[in-house]
Amino acid sequence: FLSEKQRCALAVYYAFCRLMDDIADEPDIPNPQEELNFWQEEIQRVFSGSPTTDLGREIAQISKDFDMPADRFLLLIEGMRADLQGKTYGSFDELTWYLWRVAGIVGLATLDILRFKGPRAEQLAQRLGFAVQTTNIVRDVYDDIKLNRVYLPEDLLEKYDLDRQKVLKGVPCKRLAPVLKDLAEKSKEFYRLACQTMQGQPYKQMLPCRIMGFVYRANLAKIEKVDFCFSDAVKLTKFEKLLHCIYALFKTDFID
């Protein structure tokens, strides 16, 4: 649905996101903090006109072509650094700091490439980005625990007589399920608001966003069907993803 230039630009931005994610998550990276430091400096070089890597040069080109500012890259690095530092979040308001850096800013960069800018773009990037990332937190909660990470807000855990240490030591899924359900309700509200923001906007520009919304919202619905009680991440099959991509072409609202 996109021009070749836009597809290439998205591929470059995705490559950057994938690399940052791997640096933060892969155990075989000898010094991930140094790697993030290098890429922070490389992005600064990109925007001063002197990148030293192939990816940096590609980033320089797409940033010029689509008027992408440096924060589209630097804020993501901040989010990855928070992962490595084991940053915790006392409330959902505190968690939004992280959500913006690992999802909202990615949405904004994507909208740059789709040539959709302005206050409406920032609103959509926040709403859809927060929806997708809170879905990821619910879906990947047990995988994150294996990495010694808990993204669930501390006040939400306390509501159900839990805390970060109890979660890391391991609790039955039925104990954690109501926490995940509460966070999923916030996620569903963000999907609703994102859909509202897209209404009346150019269909072709919004289509990639609609596809992402339909797929991730369907994933959340699949988790709801098992009452938020699972041990392995509940994910959509390839057929289910394809089905919801098709829904995105014709339906006007995300499914319940």
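What follows is a short chat about the predicted model of this protein chain.

Me: What should I know about the model before I start?
Reply: It is a predicted model; local features need pLDDT of at least 70, side-chain atom pairs count only at pLDDT 80 or more, and totals for chains, interfaces and linings use all residues. Residues are numbered from 1 along each chain as its sequence is written, and side-chain values use heavy atoms, with hydrogens and water left out.

Me: How many helices and strands does the protein chain have?
Reply: 12 helices and 0 strands. Helices (H or I, at least four residues) and strands (E, at least two) are DSSP runs, numbered from the N terminus.

Me: Why call it as compact as a globular protein of that length?
Reply: The radius of gyration is 19 Å, close to the 18 Å from the globule rule for 256 residues, so the chain is as compact as a globular protein of that length. The radius is taken over C-alpha atoms, and the rule is 2.2 Å times the number of residues to the power 0.38.

Me: And what does the C-alpha trace span along its principal axes?
Reply: About 50 × 45 × 30 Å.

Me: What share of the residues counts as buried?
Reply: 48% of the 256 residues. Buried means under 20% relative accessible area, exposed over 50%, and partly exposed in between (1.4 Å probe, protein chains only).

Me: What share of the contacts comes from residues 24 or more positions apart?
Reply: 69% of the contacts with a separation of 6 or more. Contact means heavy atoms within 4.5 Å.

Me: Charges next. How far apart are the mean positions of the positive and negative ones?
Reply: 5 Å, for 36 positive and 38 negative charges. Lys and Arg count as positive, Asp and Glu as negative; His and the chain ends are not counted. Each charge is placed at NZ of Lys, CZ of Arg, CG of Asp or CD of Glu.

Me: Switching to aromatics. How many pairs?
Reply: The count comes to 11 aromatic pairs. Rings of Phe, Tyr and Trp (its six-membered ring) pair if their centres lie within 6.5 Å; planes under 30 degrees apart count as stacked, over 60 as edge-to-face and the rest as tilted. One of the pairs is Tyr13 with Phe16: centres 6.4 Å apart, planes at 40°, so tilted.

Me: Where do Tyr13 and Phe16 sit?
Reply: In helix H1 (residues 4-25), 3 residues apart, which means about one helical turn between them. Tyr13 is buried at 3% relative accessible area. Phe16 is buried too, at 0%.

Me: What about the rings of Phe47 and Phe73?
Reply: Their centres are 6.2 Å apart and their planes at 50°, so that pair is tilted. The pair links distant parts of the chain, 26 residues apart: Phe47 is in the loop between helix H2 (32-46) and helix H3 (54-66), and Phe73 is in helix H4 (residues 71-85).

Me: Buried or exposed, those two?
Reply: Phe47 is partly exposed at 36% relative accessible area. Phe73 counts as buried at 0%.

Me: Backbone now. Where is Asn148, and what is its phi?
Reply: Asn148 lies in the loop between helix H7 (141-146) and helix H8 (154-159). Its phi is positive, about 65°, although it is not a glycine. Asn148 counts as partly exposed at 47% relative accessibility.

Me: And Phe228?
Reply: Phe228 also has a positive phi, about 60°, and is not a glycine. Its place is the loop between helix H11 (203-225) and helix H12 (238-250). Phe228 is buried, with 5% relative accessible area.

Me: What does Cys229 touch?
Reply: Beyond neighbours within four places in sequence, Cys229 contacts Cys173 and Lys174. Cys229 sits in the loop between H11 and H12. It is partly exposed at 25% relative accessible area.
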